[in-house]
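User: I would like to learn how to read a model of this kind step by step, beginning with the place where two chains meet. Could you take me through it?

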Amino acid sequence: MAEDLVLELKRLIIDTLKLEDITPEDIEDEGPLFGGGLGLDSIDALELVVALEKKYKVFIPDSEVGKKVFRSVKALAEFVKAQRA
Amino acid sequence: MKYDETELRVRFNEVDSWGMVWHGHYTAWFEVGRMALLRKFRLLPQDFAQMGYLAPVVELKCSFKEPARLDEEILLRTSIRKPTKAALTFIFQAWRKKDGKLLASGEETQVLLARDGRMLYYLPPDLKERLTPLFAYLEEPESAA
């Protein structure tokens, strides 16, 4: 189940941010999403926050929480799982 | 989309050695247009600061269609996209009054920071409240037909 969520989140990131040349296999489970790795920026964070709220009803209020949640796809999956429980 | 309008004249120091307005000055012109719009709704940078927010620019796009020249009267049009996320995207146009030609168009996106440097991922209620009349002002009137 956890692996499915990680894959699902990778697809959400790719679709939301329209990362045309990226596949889920290109995104490391524990690699950084921001500042290296995918090289996402602050506007990308805002897009993701909206998409995550829409799909999973999770609330990420600011970059303080975002720093932990967006550390990696695995960290994001743990956050979504915890919020759902 | 409806625009707020303001005007300026091209100054001597804005013209380059080819006799055209240097492209970097359009950013400052867009700022003139933005301030004119935001002033109407108490949303100037000092108003943001008073509410506890900063709004740095994170993206700027501009395309240049025709050159502007010394002393020409310029019409600046400014609008804003209704936000779908916690960012404000302003849309700008600079027109030459004499012949109605579009000189440049662009957009600028700002995000929101709290005083402690945290980037806010949602528009705060007090800011939303201040933005509501601005969006109402920029809405196209409904057609009478």
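User: How many residue pairs are in polar contact across the interface of chain A and chain B?

Analyst: This is a predicted model, and pairs of this kind are counted only where both residues have pLDDT 80 or more; across the interface of chain A and chain B the rule then finds 5 residue pairs in polar contact. On the side of chain A that touches chain B, the elements giving two or more residues are α2 (42–56) and α3 (63–69) of chain A, and α2(A) gives the most, with 8 residues.

User: How many salt bridges does the rule find across the interface of chain A and chain B?

Analyst: The rule finds 2 salt bridges there. One pairing joins the side chains of A:E47 and B:K85, with an N to O distance of 3.1 Å.

User: About what area do chain A and chain B bury between them?

Analyst: The size of an interface is often expressed as the accessible area that is lost when the parts come together. Here chain A and chain B bury about 1300 Å² between them, and 68% of this lies on carbon and sulfur atoms. In terms of residues, 17 of chain A are in contact with 14 of chain B.

User: Turning to chain B, how many helices and strands does it have, and in what order do 5 strands form the open sheet?

Analyst: The strands of a sheet pair through backbone hydrogen bonds, and they may do so in a parallel or an antiparallel way. Chain B has 3 helices and 7 strands, which follow one another from the N terminus as β-α-α-β-β-β-β-β-β-α. In chain B, 5 strands form an open sheet with antiparallel pairing, in the order β1-β4-β5-β6-β3. At the edges stand β1 (4–9) and β3 (57–64) of chain B, each with a single partner strand, so one side of each has no neighbour in the sheet. Neighbouring strands of this sheet are turned by 20° against each other on average, if direction is ignored.

User: How many bridges join β1(B) to β4 of chain B, and which helix packs on the sheet?

Analyst: The antiparallel strands β1(B) and β4 (residues 73–80) of chain B are joined by 6 bridges; for B:E7, the bridge partner in β4(B) is B:L75. Helix α3 (residues 125–138) of chain B packs on the sheet, where it touches β1, β4 and β5 (87–96) of chain B, and its direction makes about 120° with that of β4(B).

User: Why does the salt bridge of A:K74 with A:E30 tie together parts that are apart in sequence?

Analyst: The closest N and O atoms of A:K74 and A:E30 are 3.7 Å apart. Because A:K74 lies in helix α4 (residues 73–84) of chain A, while A:E30 belongs to the loop between α1 (2–16) and α2 of chain A, the pair ties together parts that are 44 residues apart in sequence. Over all chains, the structure holds 17 salt bridges.

Note on methods: Residues numbered from 1 in each chain as written. Chains lettered and ligands numbered in written order. Predicted model: local features only at pLDDT ≥ 70, side-chain atom pairs only at ≥ 80, totals over all residues. Heavy atoms only, no water. Contact = heavy atoms within 4.5 Å. Buried area = accessible area lost by both parts, 1.4 Å probe. Salt bridge = Lys/Arg side-chain N within 4 Å of Asp/Glu carboxyl O. Polar contact = N/O pair within 3.5 Å; in protein donor to acceptor, adjacent residues only side chain to side chain. Helix = DSSP H or I, 4+ residues; strand = E, 2+ residues; numbered from the N terminus. Pairing = 2+ DSSP bridges. Axes fitted to C-alpha atoms, helices over the stretch in contact; angles between N-to-C directions.
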